[in-house]
Amino acid sequence: MIFLVVFGALMLILSAFYLVNSWQQYRQWVVPTIMLVLSLAATVYCTINLPYWHHSQSAQQTTSAVSSKSSLSSATGSQADSSSSFSVNGTTAVFNQQGSGATQEQKEMYLLRQLQKAYSKMGTVNYDSSSKTYQIMPTNENTVEALNYIAQNPDQAQQAGWSNLTSSLNQTSAQIKKIVGSGYSLSMMKPNDDQTALYTAKDGKQTYSIVNQ
């Protein structure tokens, strides 16, 4: 492509001289002007499509995702060691081990309220009883930007803090198992799409990741 740019530039210069010469000697300008315009258009087109510009655009996108890394990292926080608590966004949700009088449904709803509180800075949390899945719907602007970038560029996920997020979700999933039992999933949903999960963990282990697809 660089050779086309050089060739176009040379044609542009020659066309300019041709136009000046034709006008001075023959008072003709139509054909030289057409050549000049075509040469200019070709030069501009080839310059815009140089690999350098595409590389720069890709680099800017990567930089944007990396800059959003802090939003994913801060949104996940560090998990507590206690079997009845976990920490997200600097907020610790403590689960009281309810007695035998609490039904499974009551435990599920109590857990949902605690997850909603814990992930409030990241987004909202819903519970799908049919699949026994707690779904995190991200709404935080920086988090949404980072997750959308990961969904479109899975190979850049690690640079955007994906491992921090998934590690936190796995630990949270393990805590969920201790509270309500086995078989419950925790999913990070795609922004503005409550039907598509980007990551899912069950009983403390990954069951799905868009990065591995």
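**Rings, sheet and helices**

Mentor: Start with the rings: Tyr127, Tyr134 and Tyr184 are linked into a cluster by ring pairs. Rings of Phe, Tyr and Trp (its six-membered ring) pair if their centres lie within 6.5 Å; planes under 30 degrees apart are stacked, over 60 edge-to-face, and the rest tilted.

Trainee: Before we go on, what kind of model is this?
Mentor: This is a predicted model, where local features need pLDDT of at least 70, side-chain atom pairs count only at pLDDT 80 or more, and totals for chains, interfaces and linings use all residues. Residues are numbered from 1 along each chain as its sequence is written, and side-chain values use heavy atoms, with hydrogens and water left out.

Trainee: Back to the rings. How many aromatic pairs does the structure hold?
Mentor: Three. In one of them, the ring centres of Trp162 and Tyr199 are 5.9 Å apart and the planes stand at 85°, so this pair is edge-to-face.

Trainee: Which parts does that pair tie together?
Mentor: Trp162 lies in helix 7 (residues 162-180) and Tyr199 in strand 6 (residues 193-202), so the pair ties together parts 37 residues apart in sequence. Helices (H or I, at least four residues) and strands (E, at least two) are DSSP runs, numbered from the N terminus.

Trainee: Are those two buried or exposed?
Mentor: Trp162 is buried, with a relative accessible area of 3%. Tyr199 is buried too, at 1%. Buried means under 20% relative accessible area, exposed over 50%, partly exposed in between (1.4 Å probe, protein chains only).

Trainee: And what sits over the ring of Tyr184?
Mentor: The charged end of Lys132, 4.4 Å from the ring centre. The cut-off: NZ of Lys or CZ of Arg within 6 Å of the ring centre and within 35 degrees of the ring normal.

Trainee: Where does Lys132 lie?
Mentor: In the loop between strand 3 and strand 4. That hairpin has four residues between the strands. Phi of Lys132 is near 55°, a positive value in a residue other than glycine. Lys132 is partly exposed, with a relative accessible area of 31%.

Trainee: What holds paired strands together?
Mentor: Strands of a sheet pair through backbone hydrogen bonds, either parallel or antiparallel.

Trainee: How do strand 3 and strand 4 pair?
Mentor: In the antiparallel sense, over six bridges. Val125 stands opposite Ile136 in strand 4.

Trainee: And strand 5 with strand 6?
Mentor: Strand 5 (residues 185-190) and strand 6 are antiparallel as well, over six bridges. There, Ser187 has Thr200 in strand 6 as its bridge partner.

Trainee: Which residues of helix 5 are buried?
Mentor: Glu108, Tyr110, Leu111, Leu112, Gln114, Leu115 and Ala118.

Trainee: What span should helix 5 have?
Mentor: The 15 residues of helix 5 (residues 104-118) should span 21 Å at 1.5 Å a residue, and the end C-alpha atoms are 21 Å apart, which agrees. The expected span is 1.5 Å times one less than the number of residues.

Trainee: What about Asp203?
Mentor: Asp203 lies in the loop between strand 6 and strand 7. Phi of Asp203 is near 55°, positive in a residue other than glycine. Asp203 is partly exposed at 24% relative accessibility.

Trainee: Last one: how many helices and strands does the chain have?
Mentor: Seven helices and seven strands. Of the 213 residues, 38% count as buried.

Methods. Pairing = 2+ DSSP bridges.
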